[in-house]
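Subject: Handover of a model, with notes on its sheet and helices

Dear colleague,

I am passing on the structure that follows, together with a short account of what was found in it. Please read the notes alongside the coordinates.

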Amino acid sequence: MIHEQTFPHRETDICCIGHITLDKVITPRFTAHMPGGTAYYFAKSLRNLDHSGFKLVTSLGESEMNVVNDLIHDGFDVEILPSRRSVYFENKYGEDMNDRSQRVLAQADPFTTIKLASINSRIFHLGTLLADDFNIDVIKFLSQKGIVSVDVQGYLRKVENEHVVAVDYDLKKEAMPYISILKANEMEMEVLTGTTDPYKASEILADWGCKEVLLTLGDKGSLIYAGGQFFEIPALPAHQLIDATGCGDTYMAGYLYRRSKGASYTEAGLFAAAMCSLKLGVKGPFSATEEDIYSYINRYNAK
């Protein structure tokens with residue numbers, strides 16, 4: 001029997017915490033400047049879904065405050081923690097949209113337990129961009145108030161002469177018991193666990209204390225490991241491959257959205273996969289509706 005996690009009741013269902021960034025996106029087809037970061041892509045993914053139980057906590061410089069104003073105009077509950085600067089990323093993609101190089105041209109102030117003391121939610125999703133965004137005390141602190149979900153990407157990024165290089169998360173074994181839901185891609189899981197086998201990687205992360213492991217595997221779909229069982233989620237074919245920026249954030253937005261409403265691991269994973277496929281076909285954040293998502297899933301299931 002699978003014992004799915006139950007979420008404690010709070011006024012806010014999902015609180016995403018992370019920096020909104022200024023992004024320069026370079027692809028073989030276009031170069032553009034746009035807002036970005038987990039906080040931005042996660043929130044925008046929910047724009048046309050029921051986001052009444054969603055709260056965004058972000059930190060950015062004055063120069064990007066217009067982005068927050070747009071989110072508030074869209075009806076989002078946003079709390080702003082001022083920062084001296086915004087994070088400035090340059091993301092460069094090759095023909096393979098899974099192939100990305102990054103530079104960091106500016107960094108923002110980190111999140112702290114003091115800054116987050118008044119924030120309450122059933123689920124906290126930490127959108128890490130760089131290793132010092134959230135220290136381990138923040139993870140432990142938030143785990144006392146709700147379910148902690150972490151996109152591990154930022155903990156595996158070190159900035160050297162503006163370039164982002166992959167490093168291991170040296171506190172991973174200490175942090176994992178306080179992380180209920182962990183999301184990593186293929187490269188990140190290998191850095192964390194030392195294996196290229198997603199099944200072995202999932203078991204290792206679970207042994208360290210994580211209750212729900214989500215591994216996104218590009219065109220091979222995604223793998224969820226929870227309650228001692230594996231759930232294989234297919235990659236729904238995208239109609240177009242235009243922009244992969246924010247796909248992982250879109251996946252997590254869809255997954256946590258459905259899980260918070262009582263969906264099973266498989267249902268939430270398929271919903272998230274459909275959102276990713278739709279996102280790949282547009283430049284910028286996900287913008288489709290819940291009806292679009294289910295139509296996409298139904299077309300896939302009909303094949």
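Two strands are taken as paired if DSSP finds at least two bridges between them, and helices (H or I, at least four residues) and strands (E, at least two) are DSSP runs, numbered from the N terminus. This is a predicted model, in which local features need pLDDT of at least 70 and side-chain atom pairs count only at pLDDT 80 or more, while totals for chains, interfaces and linings use all residues. Residues are numbered from 1 along each chain as its sequence is written, and side-chain values use heavy atoms, with hydrogens and water left out.

On that basis, 9 strands form an open sheet of mixed pairing, in the order S5-S4-S1-S8-S9-S12-S13-S14-S15. Its edges are S5 (77-82) and S15 (229-233), each of which pairs on one side only, and neighbouring strands are turned by 15° against each other on average, direction ignored. Within this sheet, S12 (residues 181-185) and S13 (residues 212-216) run parallel and are joined by 5 bridges, with Ile-181 partnered by Glu-212 in S13.

Helix H6 (residues 198-207) lies across S12, S13, S14 (222-226) and S15, running at about 150° to S13; here axes are lines fitted to C-alpha atoms, for helices over the stretch in contact, and angles run from 0 to 180 degrees between N-to-C directions. Helix H7 (residues 247-260) also packs on the sheet, its direction making about 145° with that of S13, and the strands it touches include S1 (14-19), S8 (123-127) and S9 (147-151).

The axes of H5 (residues 186-193) and H6 come within 10 Å and cross at roughly 55°. The two helices are therefore oblique to each other, a term for angles that are not under 35 degrees (roughly parallel), over 145 (roughly antiparallel) or 65 to 115 (roughly perpendicular). Where they meet, Met-189, Leu-192 and Thr-193 of H5 are in contact with Pro-198, Ala-201, Ile-204 and Leu-205 of H6, contact meaning heavy atoms within 4.5 Å.

Elsewhere, S2 (residues 21-26) and S3 run antiparallel and are joined by 6 bridges, forming a hairpin with 4 residues between them; Thr-21 has Gly-36 as its bridge partner in S3. Finally, 8 of the 8 residues of helix H1 (residues 38-45) are buried, so H1 is largely enclosed by the rest of the structure, buried meaning under 20% relative accessible area (1.4 Å probe, protein chains only).

With best wishes

How values were computed. Buried means under 20% relative accessible area, exposed over 50%, partly exposed in between (1.4 Å probe, protein chains only).
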